[in-house]
Amino acid sequence: MFAYFDRDNVALEGFAKFFNELSLRDRGQAEKLMRYQNKRGGRVQLLEISLPLSEFDHGVKGHALHAMEFALSMEKIANARLLHLHRIALRNHDAQLADFVESEFLSMQVEAIKKIAEHVSQLRRVGAGHGVWHFNQMLLREGGIA
């Protein structure tokens, strides 16, 4: 999403900044989980993933709202998977893994979901066009996702 909003024909630097920070945060979380798995004697097995969306044009919603809704759905999926991992840890009496997931991921995930959901609500209010430009300016001034 960063690359889409950073393109010269889209040019919404605030959205690009927001999605880049979100991507860096998610990558950091993935690396943290892989380091933890290695530390516990496990093996990281990376599977093939599907190609992500690279175009966010939407005739009714506009590209900004469509991309933000997509980001929200991805964060909710990640949260559900983390909760599933936490349940597996509890079921197998692995207190260390349960604590690791709680302390390192769950609260940060909930905060990200809340922030992105607020952005979705605000983008629905401002509509497409000039409202998106103003929202973009707010994202440029705002702090990071996490």
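At 54% relative accessibility, R27 counts as exposed (exposed is over 50%, buried under 20%, partly exposed in between, with a 1.4 Å probe and protein chains only). Before we zoom in: this is a predicted model, where local features need pLDDT of at least 70, side-chain atom pairs count only at pLDDT 80 or more, and totals for chains, interfaces and linings use all residues. Residues are numbered from 1 along each chain as its sequence is written, and side-chain values use heavy atoms, with hydrogens and water left out.

**View 1. R27 pairs up with E31.** The two form a salt bridge, with their closest N and O atoms 2.9 Å apart (a salt bridge is a side-chain nitrogen of Lys or Arg within 4 Å of a carboxyl oxygen of Asp or Glu). R27 and E31 sit four residues apart in helix α2, so about one helical turn separates them (helices are DSSP runs of H or I, at least four residues, numbered from the N terminus). E31 is partly exposed, at 28% relative accessibility.

**View 2. Q29 is tucked away in helix α2.** Look within residues 13–39 for this one. Q29 is buried, with a relative accessible area of 9%. Leaving aside neighbours within four places in sequence, Q29 is in contact with E104, F105, M108 and Q109 (contact means heavy atoms within 4.5 Å).

**View 3. Helix α2 meets helix α4.** Their axes come within 12 Å and cross at roughly 165 degrees (axes are lines fitted to C-alpha atoms, for helices over the stretch in contact, and angles run from 0 to 180 degrees between N-to-C directions). That's why α2 and α4 are roughly antiparallel to each other (over 145 degrees; under 35 is roughly parallel, 65 to 115 roughly perpendicular, and the rest oblique). The residues making this contact include F15, F18 and L22 of α2, along with F100, F105 and M108 of α4.

**View 4. Helix α2 also packs with helix α5.** Here the angle is about 50 degrees and the axes are 7 Å apart. That makes α2 oblique to α5. On the α2 side you'll find E13, G14, F15, K17 and F18, which meet V132, F135, N136, L139 and L140 in α5.

**View 5. R40 forms a salt bridge with D94.** Their closest N and O atoms are 2.9 Å apart. This pair links distant parts of the chain, 54 residues apart: R40 is in the loop between α2 and α3, and D94 in the loop between α3 and α4. R40 is partly exposed, at 40% relative accessible area, whereas D94 is buried, at 19%.

Terms used. Helix = DSSP H or I, 4+ residues; strand = E, 2+ residues; numbered from the N terminus.
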